[in-house]
Amino acid sequence: MAEATPLLLPDTGEPGFGVYVHWPFCAAKCPYCDFNSHVRHQPVDQPRFVSAFLREMQEMRRLSGPKTVTSIFLGGGTPSLMAPETVDAILNGIARHWHVPEGIEVTMEANPSSVEATRFRGYRAAGVNRVSLGVQALNDPDLRFLGRLHDVADALKAIRLARDIFPRMSFDLIYARPGQTVEAWERELREAISYAVDHLSLYQLTIEEGTAFYGLHKAGKLIVPDGEQSAFLYGATQEITASVGLPAYEVSNHARPGCESRHNLTYWRYGDYAGIGPGAHGRLTRGRDKIATATERVPEAWLAAVEERGHGMQDQEILGFEEQADELLLMGLRLREGVDLARWQQLSGRDPDPAKEQFLLEHGFIERLGNSRLRCTPSGMLVLDAVVADLAC
């Protein structure tokens, strides 16, 4: 794939069409993680997986039809465990199946523990122009608590390398950790901002079923901040990031204007995306139908399925208009720009319930942007699930 131009193409405000490729392997499983990630103690046969990715792309291209790609995202798992040659082959495959203009956003997730300069330069040469680093904390005790394999020194080295090599760089932090005070989080966040370039992803620690933390939490051995303390932490996050020009454009994502993640905006604006690889999900429009795809989660089972029948899909569901409207609302209300009401009304065939909308307006949870858009207020973001449930009914 030809190297992208240094300046990324501007966001048009349209949902776009993304391609997501899932690399499911990690060096270790973090105790909070419920993503489709797997540890293998023998080397992964990367050429064999590349061949399978390319075969599944053919099927996704058949389903999607001809498209112009607006973003590519290599997620995981830990994509930075891939050899640069693997990344190059995947990006070239995408360019063979769809039209890929120069200058689109090509993001790759990376863990600081698997970062080295030669590997980063190889990814850049392959066409990656944005990296998202899983830093998660800026103190060593909490990194150990979160099961991370890197320390703060590794994280800062990875941030410096990413800033030097890639046009765009983001990193993640997890807050609302056990015992974390607002004051401690404010200090850590301000330190993070001093290293950031144009984007930060700031997530509250959540306890997900099936994770190691879930069992500890259920047994009373892991206590996370309660709702009130979490709200204070969230409020401090919004205030500090906004004050330094990194306002939230989504519940957990902050960027300088124009530097938002194009790929994630495709999800939140309810655009189409092809999901390729073990455990990947997709949304593809065919005529008036919206097809939801999901692939086999276990890497070896996915690989066997692709080699046998050309794809690893387990599910292809045609979503009804009401389901599409609900998904549009669920995703769009996460955004500061809100939801396109005309699009929601076209899918749902109705207007928002006047009584429910009035209740949410009067309590300061939502607001209208003219007649065309509806969005959550900062207070509404704290109870987003309830707001969506009210409006969707």
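The buried residues of helix H3 pack against helix H2 (84-97), strand S5 (105-110), strand S6 (130-136) and helix H5 (152-165). This is a predicted model, so local features need pLDDT of at least 70 and side-chain atom pairs count only at pLDDT 80 or more, while totals for chains, interfaces and linings use all residues. Residues are numbered from 1 along each chain as its sequence is written, and side-chain values use heavy atoms, with hydrogens and water left out.

Back to H3, which covers residues 117-126. Helices (H or I, at least four residues) and strands (E, at least two) are DSSP runs, numbered from the N terminus. Phe-120, Gly-122, Tyr-123, Arg-124 and Ala-126 are the buried ones here; buried means under 20% relative accessible area, exposed over 50%, and partly exposed in between (1.4 Å probe, protein chains only).

Now look at Glu-59, which sits in helix H1 (residues 46-64). Is Glu-59 buried or exposed? Glu-59 counts as buried because its relative accessible area is 15%. Setting aside neighbours within four places in sequence, Glu-59 is in contact (heavy atoms within 4.5 Å) with Gly-310, His-311 and Met-313.

Next, a sheet. Three strands form an open sheet in the order S15-S17-S16, with antiparallel pairing; two strands pair if DSSP finds at least two bridges between them. The edge strands, S15 and S16, each pair on one side only. S15 and S17 are joined in the antiparallel sense over two bridges, and Val-339 has Leu-374 in S17 as its bridge partner.

| Strand | Residues |
|---|---|
| S15 | 339-340 |
| S16 | 366-369 |
| S17 | 373-376 |

Helix H13 (residues 354-362) packs on this sheet, touching S16 and S17, and its direction makes about 105° with that of S16. For that angle, axes are lines fitted to C-alpha atoms, for helices over the stretch in contact, and angles run from 0 to 180 degrees between N-to-C directions.
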